[in-house]
Amino acid sequence: LEVAFAGKTQKIDTSGEIVTRITSTSQVPGSFTWKSSGEDQPPLVWLSLEYVPAGTGDKIKARNEGFVVMRELLVYKDKTQPPAKVQATAGKTLTLNMGTIVEEHVRVINSEKRFYVAIKVPFASGFEPLNPNLATSPPEAKPAGKFTRKPDYSIYADDAVTFYYDQLTKGTYDFYFRLRSSIEGSFSHPAAKAELMYRLSLRGNSDGTRIVIKKRE
């Protein structure tokens, strides 16, 4: 087996059960060449990639690679007034007082009938998730917005809410859930995304944004 990678060529003896690991930080394409004698079993080549993102999640811009994903935050600064609508925008900052209720509104446009779709909405770590499905949830945990279609399965975790569909027909879908700003600081509010669970190349995401939570005025 001849390996050409990172500007170097290396020959590996494959006459026995040999495991060889080659590691490189090069971005130059490489190749593996194997010549069979007619009786040899072909080698198994396992390629893995590890990386650190170049930027933080609040700077991610929207992408459409099969799904259009949009996200806005409905900020309830006063319980007696309608919420202020803030579009999630990469590079922008939303400043909130501690204890503010925020309703997440995510819109996904699906251009054709698809199967096994996941819509994942991560949120800033300064937020406390409010799960309306729990018997102990406060009244403010219930969102005012209505789902276009109830998901087949959903997960309300500490860092994200995820909705799953076995089948999703063509159309526009709206999703809602609520958060409470609970920790003082500056946080990355990552992009919401939609993707096929078994074909990850078909996906889409919204903009990310930055959330600053300060003590109540």
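Six strands form an open sheet in the order S4-S16-S15-S9-S12-S11, with antiparallel pairing; strands here are DSSP runs of E, at least two residues long, numbered from the N terminus, and two strands pair if DSSP finds at least two bridges between them. The model is predicted, so local features need pLDDT of at least 70 and side-chain atom pairs count only at pLDDT 80 or more, while totals for chains, interfaces and linings use all residues. Residues are numbered from 1 along each chain as its sequence is written, and side-chain values use heavy atoms, with hydrogens and water left out.

Strand S4 (63-65) and strand S11 (153-156) stand at the edges of this sheet; each has a single partner strand, so one side of each is left without a neighbour in the sheet. On average, neighbouring strands are turned by 20 degrees against each other, direction ignored, with axes taken as lines fitted to C-alpha atoms.

Within the sheet, S15 (residues 193-196) and S16 (residues 199-205) run antiparallel and are joined by four bridges. Ala-194 has Gly-204 in S16 as its bridge partner.

Strand S9 (residues 114-122) contains Tyr-116. At 40% relative accessibility, Tyr-116 counts as partly exposed, the class between buried (under 20%) and exposed (over 50%), with a 1.4 Å probe and protein chains only.

Strands S1 (residues 2-5) and S2 (residues 8-11) also pair in the antiparallel sense, over four bridges. Ala-4 stands opposite Thr-9 in S2. The hairpin of S1 and S2 has two residues between the strands, and Ala-6 takes a positive phi near 55 degrees there.

Terms used:
Axes are lines fitted to C-alpha atoms, for helices over the stretch in contact, and angles run from 0 to 180 degrees between N-to-C directions.
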